[in-house]
Every structure is written in C-alpha cells, then in structure tokens.
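Here are my notes on this one, as numbered points.

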Amino acid sequence: MTDTLDRTHQEDRMSFEEKRTWAYGVIAVLGYGVYLALVLPRLASPIEATDYAEPLLWSVGGAIVAGILSGMVLAAGSPKTRTPKDERDREIHRFGEYVGHGFVVLGAVVALLLAILDVASFWIANAVYLAFVLSAILSSIARIVAYRRGFQEW
C-alpha cells in the first residue's frame, strides 16, 4: 500500500507541462521512425522515383494529431496536476525553443545549399524534415533537463 502511494506521489510531482514535453519528444521520435520505416524500403528504386511525399505528409500529420490527442489524454488523466502555466513553465518552454531553433536554421541552410546544388527534391525535403525532428527532440531534452535539474535564467 505504501509503495503504491509513494509511486502516485512521485507521478504527481511531474507537472502537466513536463508530461506534455515528454509526449512531444516521444511523438517526434516515433513519427520519424514510422516515416523511415515506410521510406527506407522504397529506396531500392532510384531516388528521383522514390515516393516519399505521401509518407512524409502522413507522418507529419499523424504526429500533429498524436500531439493533440496526447494533450487531451494528459489533461483528462491528470486534472489534479494540471495547473495553469506559470512563469517558470514559460521560461523553460522559451529556453527549449531557443535550444531547438538552431536545428531549424541548420536545416534551412542545408536545404538551401542542396537546392543551389540542384540536388534531388527527396534530399531537400528529408533535410528539412530531419531538422524539424532534431529540433523537437533537442528542445524536449532541454526542457526535460530544465524541469528535472532546475532552470537557471541568464
């Protein structure tokens, strides 16, 4: 009985925003994993003939829907720990976005260079998608670390 109460108390210490951050990071990884599972077998054909757009759009759309649904499930499943965002939550979110933003910029630069070099659109689209995924993962990690180890404003 005590063990169950201790676990429940430990779970309640994770804020609603931290739970959403975990979901965001996991969904980013799973969504990209599904995309790779769908596209990698198709690479047996020439890159120019590889049908990547449909799996890319479905995985991005699926990740968006999964994010919305996970937020709804988390909100319904933890009404006691769901408190309005406070200043700390906003600062942690902003910090995570700043950390992850670098990959979006890097992806845009890589895509620009690939376009200038007249590389196949497959590589350009995949560079951008990978940059977004890496941004989401790095942003989530930065936020989780800030929630777990504390957040120091600069």
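1. Start with E91 and R94: the two are 3 residues apart in helix α4, so about one helical turn separates them. An α-helix has 3.6 residues a turn, so residues three or four places apart point the same way. The side chains of E91 and R94 form a salt bridge at 2.5 Å, N to O; the term stands for a side-chain nitrogen of Lys or Arg within 4 Å of a carboxyl oxygen of Asp or Glu.

2. Before going on, some housekeeping. This is a predicted model, in which local features need pLDDT of at least 70 and side-chain atom pairs count only at pLDDT 80 or more, while totals for chains, interfaces and linings use all residues. Residues are numbered from 1 along each chain as its sequence is written, and side-chain values use heavy atoms, leaving out hydrogens and water.

3. Is E91 buried or exposed? E91 is buried, with a relative accessible area of 16%, whereas R94 is partly exposed at 35%. The cut-offs are under 20% relative accessible area for buried, over 50% for exposed, and partly exposed in between, with a 1.4 Å probe and protein chains only. Helix α4 itself covers residues 87-116; helices here are DSSP runs of H or I, at least four residues long, and strands are runs of E, at least two, both numbered from the N terminus.

4. Which residue does E97 pair with in a salt bridge? The partner is R143, with the closest N and O atoms 3.0 Å apart. E97 sits in helix α4 and R143 in helix α5, so this pair ties together parts 46 residues apart in sequence. R143 is buried at 6% relative accessible area, while E97 is partly exposed at 35%.

5. The whole structure has 6 salt bridges. One of them joins D51 and R42 (3.4 Å, N to O). D51 is partly exposed at 38%, and R42 is partly exposed too, at 33%.

6. On to the core. The largest nonpolar core holds 9 residues: Y32, Y35, V39, I47, Y52, L56, F122, Y129 and V133. The elements giving it two or more residues are α2 and α5. Such a core is a set of buried Ala, Val, Leu, Ile, Met, Phe, Trp, Tyr and Cys residues joined through side-chain atoms within 4.5 Å. Leaving aside residues up to four places away in sequence, V39 touches Y52, P55 and F122; contact means heavy atoms within 4.5 Å.

7. Helix α3 (residues 53-77) passes a length check: at 1.5 Å a residue, its 25 residues should span 36 Å, and the end C-alpha atoms are 35 Å apart, which agrees. That expected span is 1.5 Å times one less than the number of residues. The buried residues of α3 are P55, L56, S59, S70 and A75, and their cover includes α2 (16-39) and α5 (121-149).

8. Overall, the protein chain has 5 helices and 0 strands. Buried residues account for 30% of its 154 residues. Among contacts between residues at least 6 apart in sequence, 81% join residues at least 24 apart. The accessible surface comes to about 10200 Å², with 68% of it belonging to carbon and sulfur atoms.

Terms used
Accessible areas come from the Shrake-Rupley method with a 1.4 Å probe; for residues, only the protein chains shown count as cover.
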